[in-house]
Amino acid sequence: MIEAWKSQLRKGAAELAVLAVLDKGDAFGVAILDTIESGDGVGVSEGALYPLLKRLETGGRIQSYWSEPDGAAAPRKYYRLTGEGQDALRAMRDAWTSFRQRMDEIVGASHDA
Amino acid sequence: MTHDIDLYLRRLRAALRSLPEAEREEILAETRSHLREREEADGQAGVEAALRAFGPAEAYAGAFVDEYRLRAASAGGGPLELAGVLLGQATRRVTACFGFVLAAVAYLFAGAFVLIAAVEVIRPDLAGMWIGPDVFVLGVINPASRGPDTAELLGPALIPLMLVAAPLALALGYAISQATVRHLLRKH
């Protein structure tokens, strides 16, 4: 029961998390995943990340290019935010912030009581 | 490259065969790159963990294939393509099942309207709008259920009426399919 709820919560947060990581700079799949999944993690797996990146790219929120930096094990596909992606991230951040504040008021208040 | 990576990529390639070649190769190259990075960093244990996280090749490919089919159908697919996409997802997604059934009913009505118009041409005594005590039939009537007080009200006007109704039902079915596919694409 709680796992299904957590899965839904993570699914909704994954897109925002990916866009937020790319807002800090261009990144490839492994780096995006390791950033998102460090610590407790959001719960995005390899099997979910790449279809999500494909969807974001098709939707025009991110762009990709291939590069092979020195020392890399293989050519890497890097992603960057587009202008549309930055607009989406801004809107999603605002929505997330107000949602979190409201939830903190509701959940935090009853917990403190 | 380990045998496990090679085997996974071969299964993934087979599962992605319905995608355009460029798109398929891009997915394969990125998956290969990811697995090589994990292999370089953590050896065979890293590869095994990554393969577990990718999941079965067929399921992983399914996410791309579903998305591609929905996009292709949404960008101007005909009634058959739209219906095929919805049918393909109907067992996994309630919305797809619901949209497919509604569209199929609308298409069946379109076919029935054309059939009724054809019967009116061939056997005008059987087709029409029949009204009588305990009887209302718009379409083809069973002669046995036509009592002496049953009257046919439309006559030859039934043909243009059915020929207008048929494309309307067809358009409704198509609109339902398109709306469902667009909804699935947004929620994918």
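**Where the domains touch**

Modeller: In chain B, 6 residues of domain 1 are in contact with 5 residues of domain 2, where contact means that the C-beta atoms of two residues, placed from the backbone, lie within 7 Å. On the domain 1 side, those residues split into 2 nonpolar, 1 polar and 3 charged; here Ala, Val, Leu, Ile, Met, Phe, Trp, Tyr, Cys and Pro count as nonpolar, Asp, Glu, Lys and Arg as charged, and the others, Gly among them, as polar. Domain 1 covers 1-75 of chain B and domain 2 covers 98-188, with bounds that come from an automatic or database domain assignment. The C-alpha centres of these two domains of chain B lie 48 Å apart.

Before going on, a word on ground rules: this is a predicted model, so to speak of local features we need pLDDT of at least 70, side-chain atom pairs count only at pLDDT 80 or more, and totals for chains, interfaces and linings use all residues. Residues are numbered from 1 along each chain as its sequence is written, while chains are lettered from A and ligands numbered from 1 in the order in which they are written.

Now for a helix pair in chain B. Helix α3(B) (residues 57-74) and helix α4(B) (residues 79-89) have axes that come within 9 Å and cross at roughly 155°. Helices here are DSSP runs of H or I with at least four residues, strands are E runs of at least two, and both are numbered from the N terminus. The axes are lines fitted to C-alpha atoms, for helices over the stretch in contact, with angles from 0 to 180 degrees between N-to-C directions. α3(B) and α4(B) are therefore roughly antiparallel to each other, the word for angles over 145 degrees. Asp66(B), Arg69(B), Leu70(B) and Ala73(B) of α3(B) meet Glu81(B), Leu82(B), Val85(B), Gly88(B) and Gln89(B) of α4(B). By class, the residues of that contact come to 4 nonpolar, 2 polar and 3 charged.

Chain B also touches its partner: 15 residues of chain A are in contact with 18 residues of chain B. On the chain A side, α2 (29-36), α3 (46-58) and β3 (76-81) each supply at least two residues, and α3(A) gives the most, with 7 residues. That side of chain A has 6 nonpolar, 4 polar and 5 charged residues. As for chain A itself, its 4 helices and 3 strands follow the pattern α-β-α-α-β-β-α along the sequence.

Note on methods:
Angles under 35 degrees count as roughly parallel, over 145 as roughly antiparallel, 65 to 115 as roughly perpendicular and the rest as oblique.
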